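Look at the backbone first, then at the ligand site.

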Amino acid sequence: MTTYREFHRRSIEDKEGFWAEQARLVHWEKPPGKVLDYGRPPFARWFVGGETNLCYNALDRHLGARGNQKALVYISTETGEERSLSYRELHLEVQRAAAMMRSLGVGKGDRVVVYMPMIPEAAFVILACARIGAIHSVVFGGFAAASLAARIDDARPKLMVTADGGSRMGKVVLYKALVDEALALAKHPPSKIVLYNRGFDRAVRMTPGRDLDYAELRAKHLDAVVPCTWLESNEPSYILYTSGTTGRPKGVQRDVGGYAVALAASMKHIYCGGAGETMFTTSDIGWVVGHSYIIYAPLIAGMTTVLYEGVPVRPDAGIWWKIVQDHSVNVMFSAPTAIRVLKKHDPAFLRKYDLGSLKHLFLAGEPLDEPTHAWIADALGKPVIDHYWQTETGWPILTSVPGVEKTPIKLGSPSFPAYGYDLKLLREADAAEAAAGEKAVVAIAPPLPPGCMSTVWGDDERFVKTYFGTFRNKQVYSTFDWGIRDADGYYFILGRTDDVINVAGHRLGTREIEEAVSMHSNIAECAVVGVADSLKGQMPLAFAVAKDTTRLNSAEGRKALEREVMETVDKQLGAIARPKSVHFVSLLPKTRSGKTLRRSIQALAEGRDPGDLTTIEDPAALEQIRSALKTSTEP
Ligand code: PRX
């Protein structure tokens, strides 16, 4: 039997041999000529010259053997709808969507922004884009108009597909007014909008000549036969925006062939999901987990994928486990926050259902604390595997690989580097490799393995500078996370090295939130930091300097301004980015060169020592932060 160590070693020492073998897991219309081209570091090109298609691998390839098997099961506890599509039916719907898009002039290389809730049509559109070689950019339905507009301007789509609304906890959120606002804000709006009407918005306003109805268009293409467009392995498949240190989100660009191979390999070695089995991933299609493990990977593996619209505790905290029982789910993937929510409920909800089909539960997206890990592993009586990765990588960096070797799980650890990743823990000061037990920066020696981002959309320089510029003397990819390895070789992730925070598994840049806070006309400047939160992992906290301080003289005035600032953030970014509270100060702690001391503010907010303060311009600023925090914790 191969051990995970040997498997990993081979993937690093014989990259080409290893990945050539994995490449056999997918269909190539034209086999690749060269497995890896690393002639222009740090840009890696995988399976050069090979031609394939993600949609073909997800659907067409399975029609012969499993055309009548369920491909997609849709469950909405928001609307009570439940629907399933076989591989054959999904193939048909995807061709209809592809024909619709083609009739609107969308072809290879054109961008399509998808701003949709968790409905099957979102999956149809995503797969249809892949089919015709259009580049999809899915924007999470919770993002506000200004964020949507910024993404539109960067991607410059020809088309946007949306719906009349989404629903959360039984509350409908209408999309169209927000979409119209985003289109008005955008400098490069798409010329056509396709809207899927769920019957949420009876008064939906359609702009003649621009806005089209999904159902009407679909009806014109019921018998559509749209062949797959074969794409060279390194052509772009999608753009997915993610937050970083600056206020401007980065468009993570992914390829076609490398991504298909990486996902297929991960289903075999990591998730252990086989054809005919069922996978239930509780993420959203707007996030990378949804792209990889709701849509593409389970279908590439010939599995049934569950698309769930709803929350884990409605109608009660047993809903997920009922889904596992009713649909014989074999592989499940979720996030620590959701488990922390469930932990507040009676574990009897888990024991009520027959979980016999479930092999393991994977968790990712944020640190998994030991008590939560222990609680869920005990309640489920199944292996719970913490694994660590990023939007940029598209699939796990640190994980246990039960498909290769079932290694013991250590609570709170995402185990070991996955095959393909030459992982390093580097000292911040000199990029030297850290010893066991020493906290250091998690880095990957390039080339990045297949499936990882190819570049930042439209900005190669930003890709190199942002991700490979952390160390002056070494060109390595920085994950911007702190990590540590124990004496047994298990890794632990200790949080970000940059200004990115993680709220309930949603990745947000504190710079983005600062910019949103500053959009309020009475805010002169502000600092936003992430503070530990027992449920959501982290929450943003804002410290702001007001231009006109008259209203701050009364508690009501302060409260009212705080509310207005929160509303401004809701409007700019969406409610997911809303600060837990906004504290008003008359100055922010800065270095003499004018840099805000965010790490010190964060330390104070979490009750820790603020660290080295020799560079501070005015110590009184820190006193203000201290007293602002004190007032807020007083009853
Ligand atoms: O800080 C790490 C944290 O989430 C970041 C990536 O977030 P995102 O791009 O949204 O991708 C999520 C894909 C699962 C990482 O840089 N993170 C992710 N997984 C873990 C984690 N932190 C600790 N443990 C994890 N398992």
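M169 lies in the loop between β9 (165-168) and β10 (171-174); helices (H or I, at least four residues) and strands (E, at least two) are DSSP runs, numbered from the N terminus. The model is predicted, so local features need pLDDT of at least 70 and side-chain atom pairs count only at pLDDT 80 or more, while totals for chains, interfaces and linings use all residues. Residues are numbered from 1 along each chain as its sequence is written, and side-chain values use heavy atoms, with hydrogens and water left out.

**Backbone: positive phi**

- M169 has a phi near 55°, a positive value in a residue other than glycine.
- M169 is partly exposed, with a relative accessible area of 48%; buried means under 20% relative accessible area, exposed over 50%, and partly exposed in between (1.4 Å probe, protein chains only).
- A431 is not a glycine either, and its phi is positive at about 65°.
- The loop between β23 (423-426) and β24 (440-444) holds A431, which is buried at a relative accessible area of 2%.

**Backbone: cis peptide bonds**

- P41 and P42 are joined by a cis peptide bond with omega about 0°, and P42 is placed in the loop between β1 (34-40) and β2 (43-48).
- R314 and P315 are also joined by a cis peptide bond, with omega about 5°.
- P315 sits in the loop between β17 (304-309) and α12 (319-326).

- Strand β4 (residues 70-76) pairs with strand β5 (residues 82-86) in the antiparallel sense over 5 bridges; two strands pair if DSSP finds at least two bridges between them.
- K70 has S86 in β5 as its bridge partner.
- The hairpin has 5 residues between the strands, and G80 in this hairpin takes a positive phi near 85°.

**Strand β31 and its neighbours**

- Strand β31 (residues 537-546) is largely enclosed by the rest of the structure, because 9 of its 10 residues are buried.
- With strand β30 (residues 523-533), β31 pairs in the antiparallel sense over 10 bridges.
- A hairpin of 3 residues joins β30 to β31, and G530 stands opposite P540 in β31.
- With strand β32 (residues 582-584), β31 pairs in the parallel sense over 3 bridges; here F543 stands opposite H583 in β32.
- A right-handed β-α-β unit is made by β31, helix α18 (residues 555-572) and β32. A crossover is right-handed if, with the strands pointing away from the viewer, the path from the first strand over the helix to the second runs clockwise.

**Helix α17**

- Helix α17 (residues 510-517) is mostly covered, with 6 of its 8 residues buried.
- The buried residues in α17 are T510, E512, I513, E514, A516 and V517.

**An exposed loop position**

- G356 is in the loop between α14 (348-351) and β19 (360-363), and G356 is exposed, with a relative accessible area of 55%.
- In sequence G356 and K382 are 26 residues apart; in space they are 9.7 Å apart, C-alpha to C-alpha.

**Ligand site**

- There are 17 residues around the ligand, and H387, T391, D481, R496 and R507 come nearest; a residue is near a molecule or strand if one of its heavy atoms lies within 4 Å of it.
- These shell residues divide into 7 nonpolar, 5 polar and 5 charged. Ala, Val, Leu, Ile, Met, Phe, Trp, Tyr, Cys and Pro count as nonpolar, Asp, Glu, Lys and Arg as charged, and the others, Gly among them, as polar.
- Q390 has a polar side-chain atom 2.9 Å from an oxygen atom of the ligand.
- For R496, a polar side-chain atom lies 2.8 Å from an oxygen atom of the ligand.
- For N502, the distance from a polar side-chain atom to an oxygen atom of the ligand is 3.3 Å.
- The protein buries 95% of the 540 Å² that the ligand exposes when taken alone; accessible areas come from the Shrake-Rupley method with a 1.4 Å probe, and for residues only the protein chains shown count as cover.
- Two or more residues of the shell around the ligand come from each of the elements α11 (288-300) and β27 (491-496).

Technical notes: A polar contact is a pair of N or O atoms within 3.5 Å; within protein, one must be able to donate a hydrogen and the other to accept it, and residues adjacent in sequence count only if both atoms are side-chain atoms.
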